[in-house]
Amino acid sequence: GERRVRHPLARRDFDRVLEFKLEHMSSCVDFCKRPAGAIAPKPFIFQDVALAIRDVTITDHIATSAINQMVGEWLLRDGPRVTGSSMVRFSYQQIERAPRNTCCIRASLLPIKVNLDQDAIDFVMEFLSLESLEADEREGGGARSGSPPPPPPLQQQPQQQQQQQQQQQQQDEQPGRDERGRSASSATGAGAASDDDEFDDDLVIVEDNDCRIDSVDLRAFRVCVDYCPKRVNLRGLMDGDRVALINLLSYEGLEVALRRVELDNVRGWHDLTRQVLLSWVNDIQGQRHKCLAGVSFPPINTLANLTAGLVNLVAIPLKQYEQDGRIVHGVSKGAKSFVRTIVIEALGTFSLAATTAQTIFKHAHDVLAPLRLADASDGRSGGDGLRERNSLLGPQPRNVTEGLKQARDNLTREVKHMAHVLVAMPATEFKRSGTSEALKTMLRGVPIAVIRAGIGTSQACTSSLLGIRNTVDPESHRANEQKYKAGRSQWS
């Protein structure tokens, strides 16, 4: 076949893409007729629509974003997902009743995990703004193409008078019909409908076409939000913009429980959206402490997690006592949960500290090491090996064995670099220029060798601690692999 030629005006940016994926979607649509002998006033379901989607995923393909899965299933620690359960379930019924038809809506959602990057949010806002501008342009273009621009008011008055006279003459010539094609005998007054009556009829028609929702039932569900800001709008902060405050801190594990929404006699979709959003906003405002606990700042989130573990130390035994009266078993479970929380938080905090030290050593190496020396030390990898191999964007170890193996490789690599800087390069200078140049080269290499030792030690500590943490908490490691893109990690 012929190759498809892209339109010259198409300007699609393939580096900024969001992918929507619906898996195992099933639907059932039923249309029914009222039985022949059925009573008319009795309510009757004449349309029934059921929709079920097992998995809903939004993937972030933006090049500058570290997030992989933007929206997806939230893997809870309480237990595995029920086999065969659908992530989204929706039911819509239309009911025939007097004086007008109504509908009933039912919906349920499984726990949702939302991972947001500031670049993705900017892309979505830009996309929606472009869509609204294109819609406005289409509406404006249709209005301009369908009718000429109106003349000035002073020139329009005599034309309006002439048009009114012509319309009056046409009505006099056809007394049996009015403007809307109805017979004059059915109209009130002098035999023709007035403008006010027509306007009132239009209002009644719009009101009759408005959808009436008899009942709405949205089941309760939970949402976990992670947000990674990259830029802060300082001008917006100075102007008092509250939205700009969100970008000051990153958020991780911000859990919000949205209660069940039950509504009756809702007038239209606009009113339904308003009431549902109002209910959710009230739920979020009532859980401000959870929003504070979701701030990804070492003292805040660590204390919040430790406090939650301390609460479980008391809550789990009480819950176990209410179930079967085994208070000792409950105390044992609560103590294990609290110790596990302490170990995970300690390992995470130490890993973050080692990663921070590694970043500082790398910046110091970039400042102190001359370009020639850096290229010579990384000559086996093409001159950019330091950033390629020692990057923090590498995959995390899955267990203790992989962590210790990565730590050994990191230390071995950095010891080789130290030997190259302190031994190989001075030996080369000794053969080329003599003892004095060899001593100068060795002295210049001492700070770099010390920094290399710090990089290797911090990398080894990070790999070992992450391996231990992922062994203790494998669910967190799986969530990390699902959240970040290939080659990205939480510590990037």
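Does Asp-119 count as buried or exposed, and at what relative accessibility? At 12% relative accessibility, Asp-119 counts as buried, where buried means under 20% relative accessible area, exposed over 50% and partly exposed in between (1.4 Å probe, protein chains only). The model is predicted: local features need pLDDT of at least 70, side-chain atom pairs count only at pLDDT 80 or more, and totals for chains, interfaces and linings use all residues. Residues are numbered from 1 along each chain as its sequence is written, and side-chain values use heavy atoms, with hydrogens and water left out.

**Salt bridges**

A salt bridge is taken as a side-chain nitrogen of Lys or Arg within 4 Å of a carboxyl oxygen of Asp or Glu. The count by this rule is 21.

| Pair | N to O distance |
|---|---|
| Asp-119 and Arg-231 | 3.0 Å |
| Arg-219 and Asp-217 | 3.5 Å |
| Arg-398 and Glu-402 | 2.7 Å |

Helices (H or I, at least four residues) and strands (E, at least two) are DSSP runs, numbered from the N terminus. Arg-231 is partly exposed at 39% relative accessibility. Both residues belong to a network of salt bridges that links Asp-117, Asp-119, Asp-122, Lys-230 and Arg-231.

In the second pair, Asp-217 is buried at 9%, whereas Arg-219 is partly exposed at 44%. In the third, Arg-398 is exposed at 52% and Glu-402 is partly exposed at 23%.

**Asp-60**

Asp-60, in strand β2 (residues 44–60), is buried yet has no salt bridge. Its nearest side chain of opposite charge is Lys-485, 4.7 Å away; Lys and Arg count as positive and Asp and Glu as negative, with His and the chain ends not counted. The side chain of Asp-60 makes a polar contact of 2.7 Å with that of Ser-65 (a pair of N or O atoms within 3.5 Å, one able to donate a hydrogen and the other to accept it; residues adjacent in sequence count only if both atoms are side-chain atoms). Beyond four places in sequence, Asp-60 touches residues including Val-17, Leu-18, Met-70, Asp-117 and Lys-485, contact meaning heavy atoms within 4.5 Å.

**Helix α13**

Ser-476, His-477, Asn-480 and Lys-483 are buried in helix α13 (residues 474–483). Viewed down the axis, these buried residues fall within an arc of 130°, so they line one face of the helix; the arc is that of the directions from the helix axis to the C-beta atoms. Their cover includes β3 (69–73), β6 (112–117), β8 (221–228) and α12 (435–472).
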